[in-house]
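Dear colleague,

I am passing on the structure we spoke about, and I would be glad if you could look through it alongside the notes below.

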Amino acid sequence: MKVLINNELQDRQEVKVDIEDRGYQFGDGVYEVIRVYEGVPYTLDEHLARFYRSSKEIGITPHLSLEELKQKLILLIKENGLNDGGIYVQMSRGVAPRKHQYEVNLTPELVAYPVPSKRPDKEQKEGVAAITAEDLRWLRCDIKSLNLLYNIMIKQKAHESGAFEGILVRDGNITEGTSSNIFIIKDRTIYTHPAGNLILNGITRTKLLELFKSKGWAYKEQAFSKETLLQADEVFMSSTTAEVVPITSIDGKPVGNGSAGSFTVEIREAFQELIKNATAA
Ligand code: PLP
């Protein structure tokens with residue numbers, strides 16, 4: 001496997017991570033996961049825009065321009081013969097003797113490589129279980145930072161209880177999933193938490209909102225309570241890797257009639273049509 005290290009493609013075996021890389025020691029960096037369909041990266045520009053925004057928010061200045069990185073990632077996909085999968089990209093603040101504060105002129109360390117990713121067909125068709133948990137993360141969830149400790153803790157809890165996702169609740173309202181955005185449908189209106197510092201504004205979320213608009217489907221970016229979630233007609237999650245997955249039970253109780261909702265299926269199919277059109281050669 002070829003890995004992009006800063007400006008250069010290297011063999012996986014040759015890659016070395018410095019023990020004093022701040023990404024490794026502090027989680028001091030940002031990342032993205034980009035889905036590749038038929039060899040074509042989907043919404044690459046949107047992911048890179050978010051990557052550069054995240055890095056700016058934490059004061060990391062990339063050594064490559066967005067356009068240069070884009071070309072490197074396209075080369076990485078080509079050199080690895082990646083057809084159906086994902087690309088993981090991360091940038092840490094750089095390497096320095098371990099101390100919390102940093103010199104502003106550090107050179108960032110960029111790493112990108114292919115990761116396996118497959119459409120979760122079974123989950124998309126049958127729906128998945130979710131649990132709820134208090135959202136105890138920091139208040140800059142809009143930054144796609146390497147610090148994922150709380151997300152990991154709740155995802156693991158969900159996994160160990162046989163669920164696929166953990167839905168986070170802050171001050172009684174649903175914010176998002178541990179690695180997804182959450183939508184509910186009530187009386188044919190779709191609701192999702194507004195963008196802001198309490199959620200990561202998902203690229204899939206943004207594409208879905210555009211889709212709802214173009215289809216004339218009623219939607220509101222509006223916070224809703226856990227009670228409203230539990231009484232929704234349909235619930236689904238969205239992310240780059242999961243796309244649109246129905247949530248059919250929450251904390252052991254069925255959502256609606258306990259099977260994938262018909263509107264969710266329509267949304268998923270329309271979203272997959274978007275992907276197909278965007279990645280057609
Ligand atoms: N929210 C969180 C916390 C995430 O980690 C992710 C994806 O990893 C998402 C939302 C969904 O974002 P996207 O659609 O850009 O993958």
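**Ile34 and its surroundings**

Setting aside neighbours within four places in sequence, Ile34 makes contact with Pro41, Leu44, His47, Gly86, Ile87 and Thr240. Please keep in mind throughout that this is a predicted model. Ile34 is located in strand 3, and it counts as buried because 25 C-beta neighbours lie inside 10 Å, where 20 or more are needed. Ile34 and Leu208 are 174 residues apart along the chain, and their C-alpha atoms are separated by 16 Å.

**Val30, also on strand 3**

Val30 lies in strand 3 as well, and with 28 other C-beta atoms within 10 Å it is buried. Apart from neighbours within four places in sequence, the contacts of Val30 are Phe51, Ser54, Ser55, Ile58, Ile60, Met91, Ile143, Lys144, Ser145 and Leu146.

The protein chain contains 8 helices and 15 strands. Its radius of gyration is 19 Å, close to the 19 Å that the globule rule gives for 281 residues, so the chain is as compact as a globular protein of that length. The C-alpha trace spans about 55 × 45 × 35 Å along its principal axes, and 39% of the 281 residues count as buried. Of the contacts between residues at least 6 apart in sequence, 70% join residues that are at least 24 apart.

The domain assignment divides the chain into domain 1 (2-115) and domain 2 (121-279), and the centres of domain 1 and domain 2, taken over C-alpha atoms, are separated by 26 Å. The contact between them draws 22 residues from domain 1 and 13 residues from domain 2. On the side of domain 1 that touches domain 2, strand 3 (29-37), helix 2 (44-57) and strand 5 (85-92) each supply at least two residues, and the largest share, 8 residues, comes from strand 3. Sorted by class, that side of domain 1 has 8 nonpolar, 8 polar and 6 charged residues.

**Nonpolar cores**

The largest nonpolar core has 30 residues, and those with the most contacts inside it are Ala130, Ile184, Leu229, Val235, Phe236, Ile247 and Ile250. Two or more residues of this core come from each of strand 7 (128-134), helix 5 (149-160), strand 8 (165-170), strand 10 (181-186), strand 11 (189-192), strand 13 (234-239) and strand 14 (243-250). Phe236, when neighbours within four places in sequence are left aside, is in contact with Phe183, Val244, Val245, Pro246, Ile247 and Thr264. There is also a second, separate core of 22 residues, which includes Val3, Leu69, Leu82 and Ala112.

**The ligand shell**

Around the ligand there are 13 residues, of which Leu200, Gly202, Ile203, Thr204 and Thr240 come nearest. Thr240 is also one of the residues in contact with Ile34. Helix 6 (203-215) and strand 13 each supply at least two residues of this shell, and helix 6 gives the most, with 3 residues. By class, the shell around the ligand is made up of 2 nonpolar, 9 polar and 2 charged residues.

**Two loop residues with positive phi**

Two further positions may be worth a look when you go through the backbone. Arg188 lies in the loop between strand 10 and strand 11, and its phi is near 70°, a positive value in a residue other than glycine. Arg188 is exposed, with 10 other C-beta atoms within 10 Å, since 12 or fewer place a residue in that class. Asp251, which is found in the loop between strand 14 and strand 15 (253-254), likewise is not a glycine and has a positive phi of about 50°. Asp251 counts as partly exposed, with 15 C-beta neighbours inside 10 Å.

With best wishes

How values were computed
Residues are numbered from 1 along each chain as its sequence is written. This is a predicted model: local features need pLDDT of at least 70, side-chain atom pairs count only at pLDDT 80 or more; totals for chains, interfaces and linings use all residues. Helices (H or I, at least four residues) and strands (E, at least two) are DSSP runs, numbered from the N terminus. The radius of gyration is taken over C-alpha atoms; the globule rule is 2.2 Å times the number of residues to the power 0.38. Two residues are in contact if their C-beta atoms, placed from the backbone, lie within 7 Å. Domain bounds come from an automatic or database domain assignment. Ala, Val, Leu, Ile, Met, Phe, Trp, Tyr, Cys and Pro count as nonpolar, Asp, Glu, Lys and Arg as charged, and the others, Gly among them, as polar. A nonpolar core is a set of buried Ala, Val, Leu, Ile, Met, Phe, Trp, Tyr and Cys residues joined through C-beta atoms within 7 Å. A residue is near a molecule or strand if its C-beta atom, placed from the backbone, lies within 6 Å of it.
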